[in-house]
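This report describes charged side chains and how they pair. Please look at the sequence and the model first.

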Amino acid sequence: MSSSQKPLDIALRFLSRAERTQIELRAHLVNKGLSGSDIENVVHQCLEWGYLNDERVCQREVQLGLSSNWGPFKIQAKLMRRGWSEDEAATRLAKVEPQVFLEMACKLAEAAKNKRSTPSKVARQLAAKGFTEEQVRFAIETCFSDLSVD
C-alpha cells in the first residue's frame, strides 16, 4: 500500500466496482498490505454505512442463480466461492422452497424433450446445472412418463 492511500479509500474503491462480502473485502485489504486493526476499522465503518451487507449479497446471488435456471448445488457452489462455508451456504439456500427447484427442473426437462432430447441427455444437462439426483429423477419421470426410468 502506498503511503498516500488511506485504508478506507482502498476499501471504497474496491466496493465501488461491485457489491462484496465482508470476507472478500478483508481478503482484498490483506492483499493490499493492511494490518488487522486497520482492516477491522474499515470493515466496521463500511458495515455502519451500509456498504457491506452479506445477507443482501447472498439474496442477490440466490436470485441470480434462480433466474439463470441453476439448481441448488450450483447456487451453493457460487455462495461458497463468495466466502460462505458449505453449511452457511446450505442454510441460506434452504430458504428457497424445494418446489421451486422441482418446477424449474421440470420446465427445463420439458423444453429439452420438445427438442427431442433423450432422458439420459436431459438428466446430464440438469445435473450439470446443479440439480440434485432427486430433482433430476422427478423431472425425468414427470416429462418422460411414457418411458420407464430405472
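## Arg60 and Glu61

Arg60 has a relative accessible area of 36%, so this residue counts as partly exposed. Glu61, in contrast, is buried, because its relative accessible area is 3%. The two side chains form a salt bridge, with N to O at 3.3 Å.

The structure discussed here is a predicted model.

## Confidence of the model

Mean pLDDT for the protein chain is 92, and 94% of its residues are at 70 or more. Helix α6 (residues 86-93) has the lowest confidence, with a mean of 94, while helix α8 (residues 119-128) has the highest, at 97. Where pLDDT is low, predicted coordinates should not be read in detail.

Arg82 sits in the loop between α5 (72-81) and α6. Its relative accessibility is 11%, which is under the 20% limit, and therefore Arg82 counts as buried.

Two glutamates make polar contacts with the side chain of Arg82 through their own side chains: Glu24 at 2.6 Å and Glu61 at 2.4 Å. Apart from neighbours within four places in sequence, the residues in contact with Arg82 are Glu19, Arg20, Thr21, Glu24, Val57, Arg60 and Glu61.

Side chains of opposite charge can pair when their charged atoms come close.

## Salt bridge between Glu55 and Arg92

A salt bridge also joins Glu55 and Arg92, where the closest N and O atoms are 3.4 Å apart. Because Glu55 is in helix α4 (residues 54-67) and Arg92 in helix α6, this pair ties together parts that lie 37 residues apart in sequence. Glu55 has a relative accessibility of 29% and so counts as partly exposed.

## The network

How many salt bridges does a search of the whole structure find? The search finds 9. A network of salt bridges links Glu19, Glu24, Arg56, Arg60, Glu61 and Arg82.

Key: Residues are numbered from 1 along each chain as its sequence is written. This is a predicted model: local features need pLDDT of at least 70, side-chain atom pairs count only at pLDDT 80 or more; totals for chains, interfaces and linings use all residues. Side-chain values use heavy atoms; hydrogens and water are left out. pLDDT is the predictor's confidence in each residue, from 0 to 100. Helices (H or I, at least four residues) and strands (E, at least two) are DSSP runs, numbered from the N terminus. Buried means under 20% relative accessible area, exposed over 50%, partly exposed in between (1.4 Å probe, protein chains only). A polar contact is a pair of N or O atoms within 3.5 Å; within protein, one must be able to donate a hydrogen and the other to accept it, and residues adjacent in sequence count only if both atoms are side-chain atoms. Contact means heavy atoms within 4.5 Å. A salt bridge is a side-chain nitrogen of Lys or Arg within 4 Å of a carboxyl oxygen of Asp or Glu.
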